[in-house]
Amino acid sequence: MKYEGVYFYRRPGGKQPHNGFTGIDALLRASDDLEYSKENSFAGYSHADKQQIPNLLNLVDNFLVDYPNPFRVQWVYDKNENTYKRFRDNKPEVDKNTGSQVEASVVTVIKTTSSFSNKDYLTVDTTGGGESYIYQNGMKISGRWEKDRSKIDNKLFFVLIQTVS
């Protein structure tokens, strides 16, 4: 991890890379040292004005994010809670801070490229574009993601292609 011991530290008892931590003071120091702007112009993302209409072709009660093990995860839709619960190795993935199963009301999967920076870290390309899938309200929405490489402050953008997959 770049800047390990300077701005980031390892907490014993966890497996790399999931045991790397920092704090606000260290991040502010890094921002000053690396001359990053502290101005925030991020306005968030817009949300859907209307809910998609379910049909037999877009209903999805679970899906697999097919990374190599041990990173492969499955999300299972809980209709009563209207959330997706995450599983790893067919076991509920539990948040160590809350003791609760990891869950989300919206899960977005983007297809992109990555390469190993070293044995513990991936560098993931988050500029350009590619296929995307949005899972929400028990449905899969297919689309494309785009992020302009030439503008560092450009938002990740999703374009709906279809509600049927």
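Which residue forms a salt bridge with K85, and how far apart are the closest N and O atoms? E103 does, with those atoms 3.9 Å apart. A salt bridge here is a side-chain nitrogen of Lys or Arg within 4 Å of a carboxyl oxygen of Asp or Glu. The model is predicted: local features need pLDDT of at least 70, side-chain atom pairs count only at pLDDT 80 or more, and totals for chains, interfaces and linings use all residues. Residues are numbered from 1 along each chain as its sequence is written, and side-chain values use heavy atoms, leaving out hydrogens and water.

**Salt bridges**
- The structure holds 6 salt bridges.
- Helices (H or I, at least four residues) and strands (E, at least two) are DSSP runs, numbered from the N terminus.
- K85 also meets D78 in a salt bridge (3.6 Å, N to O).
- E93 pairs with R86, their closest N and O atoms being 3.1 Å apart.
- Shared partners join D78, K85 and E103 into one network of salt bridges.

**Burial of the charged residues**
- Buried means under 20% relative accessible area, exposed over 50%, and partly exposed in between (1.4 Å probe, protein chains only).
- E93 counts as buried because its relative accessibility is 18%.
- R86 has a relative accessible area of 22%, so R86 is partly exposed.
- E103 is partly exposed too, at 41%.

**Surroundings of E93**
- E93 lies in the loop between β6 (91-92) and β7 (103-104).
- E93 touches V73, R86, F87, R88, S100, Q101 and V102, not counting residues up to four places away in sequence.
- Contact means heavy atoms within 4.5 Å.

**Nonpolar surface patch**
- I24, L27 and L28 form a nonpolar patch on the surface, with about 270 Å² of accessible area together.
- Such patches are made of residues with over 30% relative accessible area and no salt bridge; like charges are joined within 9 Å, and nonpolar side chains (Val, Leu, Ile, Met, Phe, Trp, Tyr) within 5 Å.
- Accessible areas come from the Shrake-Rupley method with a 1.4 Å probe; for residues, only the protein chains shown count as cover.
- L27 lies in helix α1 (residues 24-33).
- L27 is partly exposed, with a relative accessible area of 39%.
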